[in-house]
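Hi everyone, thanks for making time for this. I'd like to walk you through the packing inside one protein, so please have the sequence and the model open as I talk.

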Amino acid sequence: VTIKNIERELICPACKELFTHPLILPCQHSICHKCVKELLLTLDDAFNDVGSDNSNQSSPRLRLSSPSMDKIDRINRPGWKRNSLTPRTTIFPCPGCEHDVDLGERGINGLFRNFTLETIVERYRQAARAATAIMCDVCKPPPQESTKSCLDCSASYCNECFKIYHPWGTVKAQHEYVGPTTNFRPKILMCPEHETERINMYCELCKRPVCHLCKLGGNHANHRVTTMSSAYKTLKEKLSKDIDYLIGKESQVKSQISELNLLIKETECNGERAKEEAVTHFEKLFEILEERKSSVLKAIDVSKKLRLERFQTQMEEYQGLLENNGLVGYAQEVLKETDQSCFVQTAKQLHLRIQKATESLKSFRPAAQTSFEDYVVNTCKQTEVLGELSFFSSGIDVPEINEEQSKVYNSALISWHHPDKDKADSYVLEYRKIDRDEDLSWSELQVCGTSKVVSDLEDNSLYAFRVRAYKGSICSPCSRELILHTPPAPVFSFLFDEKCGYNNEHLLLNLKRDRVESRAGLNTLLAAERIQVGYYTSLDYIIGDVGITKGKHFWAFRVEPYSYLVKVGVASSDKLQEWLHSPRDAVSPRYEQDSGHDSGSEDTCFDSSQPFTLVAIGMNKLFIPKSPTSNEPENRVLPMPTSIGIFLDCDKGKVSFYDTEHMKCLYERQVDCSHMMYPAFALMGSGAVQLEESITAKYLECQEDM
């Protein structure tokens with residue numbers, strides 16, 4: 001890809017011109033230095049106008065205007081501080097992503113300059129102006145063509161001026177010079193917060209380069225950092241793989257665009273044919289059907305227009321992937337950057353952009369159907385029922401997968417319904433694994449009923465399911481696909497243990513031992529006389545009847561919405577002995593470090609590996625334990641999922657908590673697995689926990705009985 005093809009990547013989203021001294025915003029988008037200043041001043045003026053005019057309720061962002069030149073001069077003067085001029089403007093609207101980003105206390109002074117992007121823009125300018133000369137900066141008019149540019153002086157010189165300003169035997173004679181250029185950048189990337197310190201580390205939490213002072217006592221003191229060389233190597237490998245993947249999929253994108261063009265033409269032909277057939281039928285009954293004819297034609301046109309719009313939108317999306325040649329070229333230019341600090345500050349956002357562009361290549365599916373078989377007019381009915389004239393299907397109705405009844409756990413249960421069961425003799429359930437690198441073929445299962453259990457699915461994978469109906473040799477179109485995510489590990493089967501630590505006075509187990517309830521009210525009433533002297537209700541623990549010593553395991557359960565406080569997680573055998581035999585005050589909810597309550601001990605022990613991990617659930621909320629990155633209560637309170645999953649990796653010593661409906665990880669941390677680990681539950685007050693039942697053939701038997 002030539003340098004001229006990446007112009008769209010080098011345009012500032014604010015001024016729509018080539019970048020000039022671009023700065024990297026916290027959202028990783030770049031914007032010209034002058035554009036940041038102008039937008040900040042404009043926003044401040046708009047804020048002042050709104051404050052002085054109470055009758056004007058419009059948003060400041062809707063009334064942006066160019067700032068006056070005297071304010072631009074003031075912002076450029078040495079010693080100017082942004083907070084003194086615009087004390088209330090801390091939120092900056094990024095023109096690239098249209099999100100508000102916080103510039104922090106230092107404002108513009110805290111932003112990195114994107115030197116890699118500057119270098120690429122300079123190469124583009126030189127390619128665009130071809131042999132346009134760069135003139136000497138110090139010559140008396142008329143200036144001569146420059147032959148050298150001094151990186152230390154940040155100026156260009158002709159031969160004579162270079163000798164004058166860099167005389168032999170002086171310090172300036174040792175300056176580094178290159179060929180004529182207008183792009184001058186420092187030899188070493190310096191920290192914007194500590195101007196005398198060079199960048200030598202990369203913060204993995206904030207995704208930005210930092211210096212050693214930032215790590216020692218700055219905003220990144222408790223953050224995990226890595227060496228710049230390690231970050232450079234990791235990001236360069238990821239970016240190289242992304243570029244190779246996009247280039248390798250070029251033929252696939254072109255073939256899919258060609259297929260979309262054919263589908264559009266086929267849709268147009270079939271739509272016109274359906275219209276002609278409808279007109280033929282209506283002409284026979286024109287006097288009676290005139291009003292109905294116009295409504296039917298309108299329905300066909302609306303359906304045709306909707307399908308064409310969907311195909312057109314889909315084709316534009318894939319055309320956008322072809323236009324990403326510019327993105328690929330830009331990425332290739334970034335790979336030429338040899339300075340590790342400059343490369344890292346540019347490559348992260350570019351890597352995310354390329355990942356997003358490749359998401360649509362995972363699976364290709366037309367946005368609409370080309371067939372208009374459902375728009376055939378039925379003219380066989382009696383004249384007296386023509387007022388109820390409607391479309392009918394010339395084939396078999398399309399079955400629809402019931403997303404609420406379909407689920408995946410140890411196996412996948414797929415259920416569907418058919419508008420008219422008598423019209424179908426059998427069904428074929430198709431499924432395939434969704435793989436980013438290749439298009440896998442569909443597997444088929446012959447089904448007589450309206451549900452099927454699919455086993456032998458791979459862990460931690462996305463699967464697509466669809467179904468079609470058969471009537472003799474006639475086949476219906478496929479239903480819409482259902483995407484399900486399998487658990488991250490094999491399902492671990494267990495029941496509640498009624499022999500180890502089980503308090504039958506406070507807890508109630510059902511006969512199957514897969515549901516436990518807390519008898520809360522009676523205990524509180526019996527202890528009413530002691531409530532005035534500090535009595536509280538303690539946690540009652542119950543564990544699984546099977547332990548874990550190695551491997552990866554996953555289990556799921558449901559917590560009833562009315563539950564007051566339920567704690568779930570894992571605990572080692574020695575820790576359980578301490579809990580189940582310790583005094584009641586030792587099992588207070590504020591005594592445990594991972595309870596999700598605001599106990600001060602959590603902060604000091606977060607990094608150490610504990611022999612247990614529990615999260616708190618109550619009042620229809622899920623509470624995430626404290627961590628160095630999430631201490632505010634609003635960031636730690638989540639809506640309680642319908643079903644909660646726990647993934648224990650004994651080999652890596654890690655436990656994760658999932659929302660099983662979307663198979664999304666909500667929280668994870670290290671846990672000491674040196675002893676036997678057990679699924680652990682604790683209840684206080686009213687509450688109940690129901691273990692998720694494995695999917696078996698009895699699901700099908702129950703549905704058939706219903």
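**Rings, cores and a few buried residues**

Let's begin with a charge and a ring: the charged end of Arg466 sits over the ring of Trp442, 3.9 Å from its centre. Please keep in mind that this is a predicted model.

Now for rings against rings. There are 16 aromatic pairs in the structure. One of them joins Tyr409 and Phe554, edge-to-face, with 6.5 Å from centre to centre and 65° between the planes. Tyr409 belongs to the loop between β15 (407–408) and β16 (412–417), while Phe554 belongs to strand β26 (residues 552–559), so this pair ties together parts that lie 145 residues apart in sequence. Both Tyr409 and Phe554 are buried.

Next come Phe496 and Phe681, again an edge-to-face pair, at 5.3 Å centre to centre and 75° between the planes. Here Phe496 is in the loop between β22 (482–485) and β23 (507–509), and Phe681 is in strand β34 (residues 677–684), so the parts being tied together are 185 residues apart in sequence. Elsewhere, ring pairs link Tyr157, Phe162 and Tyr165 into a cluster.

In soluble globular proteins, nonpolar side chains tend to be buried together. The largest nonpolar core in this model has 64 residues, and those touching the most other members are Leu10, Ile31, Phe92, Leu239, Tyr330, Leu350 and Ile354. Which helix gives the most to this core? That would be α7 (residues 228–248), with eight residues.

Zooming in on Leu350, and leaving out residues up to four places away in sequence, its contacts are Leu239, Leu327, Tyr330, Ala331 and Val334.

Let's look at helix α13 (residues 573–581), where Lys575, Leu576 and Trp579 are buried. Looking down the axis of α13, the buried residues fall within an arc of 100°, so they line one face of the helix. What covers them includes β25 (540–543), β27 (565–572), β28 (612–618) and β34.

Two more residues before I stop. Gln349 lies in helix α11 (residues 340–358) and is buried, with a relative accessible area of 14%. Setting aside residues up to four places away in sequence, Gln349 touches Gln28 and His29.

Finally, Tyr202 is in strand β9 (residues 201–203) and counts as buried at 6% relative accessibility. Although Tyr202 and Gln345 are 143 residues apart along the chain, their C-alpha atoms are separated by 9.2 Å. Not counting residues up to four places away in sequence, the residues that Tyr202 touches include Arg208, Pro209, Met228, Val344 and Lys348.

Terms used
Residues are numbered from 1 along each chain as its sequence is written. This is a predicted model: local features need pLDDT of at least 70, side-chain atom pairs count only at pLDDT 80 or more; totals for chains, interfaces and linings use all residues. Side-chain values use heavy atoms; hydrogens and water are left out. Rings of Phe, Tyr and Trp (its six-membered ring) pair if their centres lie within 6.5 Å; planes under 30 degrees apart count as stacked, over 60 as edge-to-face and the rest as tilted. Helices (H or I, at least four residues) and strands (E, at least two) are DSSP runs, numbered from the N terminus. Buried means under 20% relative accessible area, exposed over 50%, partly exposed in between (1.4 Å probe, protein chains only). A charge sits over a ring if NZ of Lys or CZ of Arg is within 6 Å of the ring centre and within 35 degrees of the ring normal. A nonpolar core is a set of buried Ala, Val, Leu, Ile, Met, Phe, Trp, Tyr and Cys residues joined through side-chain atoms within 4.5 Å. Contact means heavy atoms within 4.5 Å. The arc is that of the directions from the helix axis to the C-beta atoms.
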